[in-house]
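Have the sequence and the 3D view open while you read.

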Amino acid sequence: MRGIQLPLSQTQKVRLQKALEKLESISSKVNSAASVIIADSIPVNHEDGVLKGHGTIDLNGEVVATICGVVERVNKLVYVRALRSRYKPEVGDIVIGRVVEVAQKRWRLDINFNQDAVLMLSSMNMPDGVQRRRTALDELNMRCIFEENDVVCAEVRGFQHDGLHLQARSRKYGKLNRGQLLKVPPYLVKRQKQHFHHLEEFGIDLILGCNGFIWVGEHIEAKDDMVEDQVSQSDPQVLLPNKNCLSLEEQEKNYTILETRKYICRAANAVRVLSMLGFNITLEIIKGIIDLSISMNLDIHEMLGSDFCVLVAEKEVERRSSNKKKR
């Protein structure tokens, strides 16, 4: 059952097996023409000038798949997109990373790729909000912006000679605080038009990183420009306050109320359940799991129980079946 590691009873195993079989039948009917396994022939209608891309090979005049996946076509290019694969960055991807090194004029981030990504100081939106050239003073104060182990949201800018480069030139990017960082297989997070979500009814933010890092945290309003200007004018030497020098009043402002923390944990457990079951992670499904756990009056830790995971799988069958009927 997809290598699902859950302590299931015999009844739960039967229920989960039935749910997964129904899901496979629904998906196979939708993608029957596009899904291929190893050694399957890919019909190209004998077109001239067909380009064979990743996951294909020319065998006796036929295009044959070398991996399991979904056939994709871009003009004359035919390739197979693997169902399960490592994260492959594309320009414009929203990613979440953890700072592993503060180097000269750059930060190095772990983004679940086969190499660390680079965020240049020049590609970073400065805390004072002023668009200007970066100075030697800015370079000295880099640790006031990001330091090791900080969680940062950024956008893939492209590949350079020294590796993958990121950019964070917008207020929606930057350091993430007061929340949980989750790691899931990257293939479970599909590229969408919107990866930043605000769950207003729960007071939390959800960021679905294309690299498999997901952030669930308290919703934080944008900072007031007037306050930032006063900070930058008062002391240009200090870009951000030191964590160890916060007063009690400032610490209270940064305190997350208990109700919001509970919703953060519920959303995080919803993501964990979807990851265990191998389902695609979307805003709609996460909200559905949160509402289901609340309606059943479950404690937060009970969401990771076997019975609830089986119930989520059965609800997913109902959801996909209803979506199919609407079409």
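Is strand 15 (residues 204-208) mostly covered or mostly open, and how many of its residues are buried? Mostly covered: five of its five residues are buried. Keep in mind that this is a predicted model.

Look at which way the side chains go. Ile204, Leu206 and Leu208 point one way from strand 15, while Asp205 and Ile207 point the other way.

Now for the neighbours. Strand 15 pairs with strand 14 (residues 196-199) in the antiparallel sense, over four bridges. Strand 15 is also antiparallel to strand 16 (residues 213-218), and five bridges join those two. Asp205 is a handy landmark for both pairings: His198 stands opposite Asp205, and in strand 16 the bridge partner of Asp205 is Gly217.

| Hairpin | Residues between the strands | Glycine with positive phi |
|---|---|---|
| Strand 14 and strand 15 | four residues | Gly203, near 70° |
| Strand 15 and strand 16 | four residues | Gly212, near 95° |

So much for the strands; what about the cysteines? The structure holds zero disulfides. Cys144 has 29% relative accessibility, so it counts as partly exposed. Cys265 comes in at 26%, so it is partly exposed as well.

Next, a loop residue. Where does Asp299 sit? Asp299 is in the loop between helix 7 (283-295) and helix 8 (306-326). Its relative accessible area is 44%, which means Asp299 is partly exposed; the cut-off for exposed is over 50%.

Finally, a word on confidence. The protein averages a pLDDT of 84, and 84% of the residues score at least 70. Residues 224-246 are a stretch to watch, with pLDDT below 50. Even so, the model gives this stretch 28 contacts beyond near neighbours in sequence.

How values were computed
Residues are numbered from 1 along each chain as its sequence is written. This is a predicted model: local features need pLDDT of at least 70, side-chain atom pairs count only at pLDDT 80 or more; totals for chains, interfaces and linings use all residues. Side-chain values use heavy atoms; hydrogens and water are left out. Buried means under 20% relative accessible area, exposed over 50%, partly exposed in between (1.4 Å probe, protein chains only). Two strands pair if DSSP finds at least two bridges between them. A disulfide is a pair of cysteine sulfur atoms within 2.5 Å. pLDDT is the predictor's confidence in each residue, from 0 to 100. Contact means heavy atoms within 4.5 Å.
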